[in-house]
Amino acid sequence: MENDTIAAVSTPAGEGAIAIVRLSGDEAVSITNQLFTSKDLRHVDSHTIHYGKLMDPKTEEKVEEVMVSIMKAPKTFTREDIIEINCHGGMVSVNRVLQLVLREGARLAEPGEFTKRAFLNGRIDLSQAEAVMDLIRSKTDRAMSVALKQMDGRLSNLIRDLRQQLIETVAHVEVNIDYPEYDDVEEMTHDLLEERTRYVKSEVQSLLLTAKQGKILREGIATAIIGKPNVGKSSLMNILAHENKAIVTDIPGTTRDVIEEYVNVRGVPLRLIDTAGIRETEDIVEKIGVERSRQALQDADLILLVLNGNEPLSEEDAALFEAAKDLDIIVTVNKTDLDQKIDMNEVSQAANGAPVITTSLIEEQGIDELEQAIADTFFDGELDHGDLTYVSNVRHIQLLEQADDALNDALNSMEMGMPLDLVQIDITRSWELLGEIIGEDVHESLIDQLFSQFCLGK
Ligand code: GDP
Ligand code: ZN
């Protein structure tokens, strides 16, 4: 059934005290009204909120005090009638409310079904729908704002504009094929075609360039804190995590034996990788030592190499410098509150141009400088443009790469003097590929697959 009424709990488990049961569909209001005792909800205005009590009509038992939001079609997320029942009683009572609305005739929503309806009813396009999914998954503030912008339709608008450019060139080619006797048209068409194709290709490529940044934004910069035992790695991790409130600490799917901590250092999302599950037992760290650090290097985008200023530089330190030499690295000489036995000239030589910061983590000295160095490494005044359109979705990246290939083929054919109708085939292909990003011309199966990835209740 296309328009049956669906329901789900739409607040993630454990997040805050308020949980919401959301309904969407023709019967959303009447189903809720059968439970709501304080008012006749069928006659209230759209986009209003009503305080009252829910009662189980079977037992006439009061279930819950709630706030009911009514949003009537079409000005809603799904373009259907939507009801949101705000429960204050935590997960137990929210589940009870859900049971009741299901008993009164709603159907439990499939994962992503609310968003799917929004898409199918033309409320949002596919890239916006995916942005909703990214939003649910985004682990950092910045990734969140990228997702919000995409939801807002920035990427869609850009893609639409590029497709428009392509379709216009195709129209010109058509004219040219229909009226081959006009030489002027032929020449004009060729120039226009090449110019537009190059333009679209360059735009596609700049979108692809943002993809790496997008990944970083979404997943955080993989940051490994390495160093010999006892230099202050755990202390550094704790301070960074403490000062920069971790936005999410419990990420599903990261249950490896490394502890990861998401922190936001001056707008740079870091995924701090604790190299040896330090929390569990300090002994393990000592055993695994440098070897373990070396492993963490492989996956890292950024290395924080910690040295102990209270000791001379050792061979182990040199080995770590060597292992990290091709990566973005920031050197921290720690324990400045103690006697300094390290030779700073040796350190800066080993650092080979990488920033060297001195800290006393125990006295919380030098942390500002370290955070600034982290921010400088990644922003370079570049990543920080808030209004950039980022591409961060794997499906989008693949489609953009294919579109780029097709545009390349078109340009090559032009250079080789191939007939325009052949060039047109490649242009049309890139137009279709770009269309898939925003969900124009996609097959039902793709849509189903995409929406099934959503969390329940979205
Ligand atoms: P890790 O083995 O590299 O993780 O080092 P830890 O962070 O566990 O620190 C080892 C020891 O050094 C602990 O006793 C810390 O309190 C101490 N420590 C960490 N930073 C400093 C510092 O800046 N000055 C001094 N004096 N001790 C520190
Ligand atoms: Zn430690």
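Strand E10 (residues 302-308) is largely enclosed by the rest of the structure, because seven of its seven residues are buried. Buried means that 20 or more other C-beta atoms lie within 10 Å of a residue's own; 12 or fewer means exposed, anything in between partly exposed, with C-beta atoms placed from the backbone. Strands (E, at least two residues) and helices (H or I, at least four) are DSSP runs, numbered from the N terminus.

This is a predicted model, in which local features need pLDDT of at least 70 and side-chain atom pairs count only at pLDDT 80 or more, while totals for chains, interfaces and linings use all residues. Residues are numbered from 1 along each chain as its sequence is written, and chains are lettered from A and ligands numbered from 1 in the order in which they are written.

Both faces of E10 are covered. Leu302, Leu304, Val306 and Asn308 are buried on one side, and Ile303, Leu305 and Leu307 on the other.

E10, helix H10 (residues 315-323) and E11 make a right-handed β-α-β unit. Right-handed means that, with the strands pointing away from the viewer, the path from the first strand over the helix to the second runs clockwise.

Now the annotation. An unreviewed UniProt entry marks Ser234 and Thr255 as "binding site". UniProt positions follow the numbering used here, feature names are shortened, and annotations may be inferred rather than shown by experiment. Ser234 lies in helix H8 (residues 233-243). Ser234 has 19 C-beta neighbours inside 10 Å, so it counts as partly exposed.
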